Structures are given as structure tokens and as C-alpha cells.
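Morning, everyone. Please look at the model on the screen. I'll talk about its pockets.

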Amino acid sequence: MKMLINVPETVVADALRGMAACHPELIVDVENRVIVRRDAPVEGKVGLVSGGGSGHEPLHGGFVGSGMLDAACPGEVFTSPVPDQMVRAAAAVDSGKGVLFIIKNYTGDVLNFDMAAELAEDEGIQVAKVLVNDDVAVTDSLYTAGRRGTGATLFVEKIAGAAAAEGAPLEQVESIARRVNELSRSFGVALSPCSTPSKGGPTFELPAGELELGVGIHGEPGRERRAMMTSHEIADYAVQVVVEDLRPENPVLLLVNGMGATPQLELYGFAAEVHRALGERQVAVARTLVGNYVTSLDMAGASITLCQVDEDLLRLWDAPVRTAGLRWGA
């Protein structure tokens, strides 16, 4: 495999050096692997911290900034960050109003964020935690007890980030984040495997002419493999699975997410099919976001995430955000 890197051992550090060079609004601690908004801690504001293995960019470091996360902790590729990173991040963003940890449901992330919360509280930092577990594809997986955390992480970080920016107290920000997770469901499809720098090749085998329905963002097995399907057929399958589980009664936010190697041309064609499939099931779409946001290195494929919203959640979604990976509004 050809990769635009120097050596596998420095790929995360090199990327962090690039973020530091390109985004002066961020403080990027390459040695300690922490990304913090430069104006942190923001007076009177709850701090939001998330993190996970690298390879899912722009998640999470690309979502640090006004209206979203205050700090992110990148681990090595597909490897959880360590508690010291999380404690360092919490200390950097704590204004005295507390810190919310947003945790994708993978065993390493859960264990390390739990330990970090205890250590941070020993240092006098009030910490709340919210677990994201939106993937309906499987229950229990290679790295997970229960459902995996995937695309809804973006919705949780954005909406909770907007609430925190408005000055909501920690208990309320936590409640909103938890509600967004409970109202969200995701399903992903792989057309090709991903390749990690350390391996230098595919992390799993997917024969030509087949796809993986329900794949995880680390290449974990999904529900089944089938012969290649059309965009129309994939949208029908994914939407049916998500809608059956979520049973939305309100309009939804829709994320049509690329896994890393799927071009925008294909993603927008797929988005058209997803809208069609939702319309046929009488599901109204309030807002749509299309692009590569929660990726799996160079995997070809896509995922969809739905989140039921009321007027308050939609207002928080529409609130201004300014990060490297997501920005709109004033």
C-alpha cells in the first residue's frame, strides 16, 4: 500500500504537527497528545472533552473549537488514548463549571475515560460522562460490550457543545448529550477494507464484488456480507434497519458519512437515495450533513445516522460552530 507518510511510528505526531501549523486557534501538544482551543478555559462555561484512537478524522480533533469540543485526546491509530491525556485535557478546559467527557462505546475508551474521571475529580475537577452507543448493526463486537459508538458522536458533540456555549450548567449539558445519544441510530457499509500504517495493508479481507453490511469504524465485522449492491439498494437496507430501531416520530437530523475513501460525488448520490428511502417511510428530514466526518482511514463505504429532534435540539444544532472540521453561522 502507498501512504502519504514518513514512517508508521510517527504518523500521529506528524498529523498533530500539521494541525498546529494550520490552526493557530488551537493549542496542539504533540508530545502529550492533547488538542485544546486556544481560549480555554472559557469563563463560566462547561468544558467538553472527547477522544479516541486516531484514524477517524476529523473526529475528534477536528471538532475542537467554538460551539463544539474544548479539547480532544488522540490515541495511536485505532488505539484508545490514555488517562493522563484526558486528565491533562480536563485541567486545561475546566473553568470551575465542570467538564463533560463524551465517550464512544469501545472498551479501551470506556475504561480509560472512567479512570481519568476519577483522577480528575481527585484534582478537584467535577466530571460528568456520557456514553455514545448508536450503532444498530450488532450488539457486542471485537472492541465493544453493547452497541458501538459511531456517527452520533458528531451530533452529541455539536449539540452539547452549543448548550455549553450558551452557559448551560454541567447537569443540563450532560442531560442534553445523553438525550441526543438516546435519539440517534447509525448503520455503516464497507465497500473495501481499511489499511493501517503499522500493517501497511488491509486490516481485513473483503473479496472483490462483495460488501460488508454493518461494518464498524475499525473494520469490525457487521451483520452479513452480500454481493455488491446499488446505492438504491444499500440505502433501502440501511434506512430500514435504522428506522425499525429508532421509530422516529419527529423530524430527524441526517448524517450521510463517508468512511474515508468515498468521494463526494458518490456520497451525494447516496444521500439522494437515503432521502428517497426516508420519504417512502414518512420520515421528515430537518437537516442533512454530507461528507467524511467519522472515518475509518481509507475505507470505501458510508454510514447513515439519524437523530430525532425537537425545536430545542434543532436550534442547538443550528447554533454557530467554528472548528477545523465543522463550521457555520456567525
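First, a term: Ala, Val, Leu, Ile, Met, Phe, Trp, Tyr, Cys and Pro count as nonpolar, Asp, Glu, Lys and Arg as charged, and the others, Gly among them, as polar. Now the ground rules. This is a predicted model, where local features need pLDDT of at least 70, side-chain atom pairs count only at pLDDT 80 or more, and totals for chains, interfaces and linings use all residues. Residues are numbered from 1 along each chain as its sequence is written, and side-chain values use heavy atoms, without hydrogens or water.

A pocket is an open set of points on a 1 Å grid over the protein atoms alone, where a 1.4 Å probe fits, with protein on both sides within 12 Å along at least five of seven lines; lining residues have an atom within 4 Å of a point.

Take the largest pocket. Its lining has 34 residues, and V11, A15, S54, G55 and E57 lie nearest its centre. By class, 18 are nonpolar, 12 polar and four charged. Where does the largest pocket lie? Domain 1 (10-183) and domain 2 (184-320) both give residues to its lining, so it lies between them. Those bounds come from an automatic or database domain assignment.

Next, the second largest pocket. Of its 13 lining residues, L191, S231, I234, E266 and F270 are closest to the centre. α7 gives the largest share of this lining, three residues. Helices here are DSSP runs (H or I, at least four residues), and strands are too (E, at least two), numbered from the N terminus. This lining holds eight nonpolar, four polar and one charged residues.
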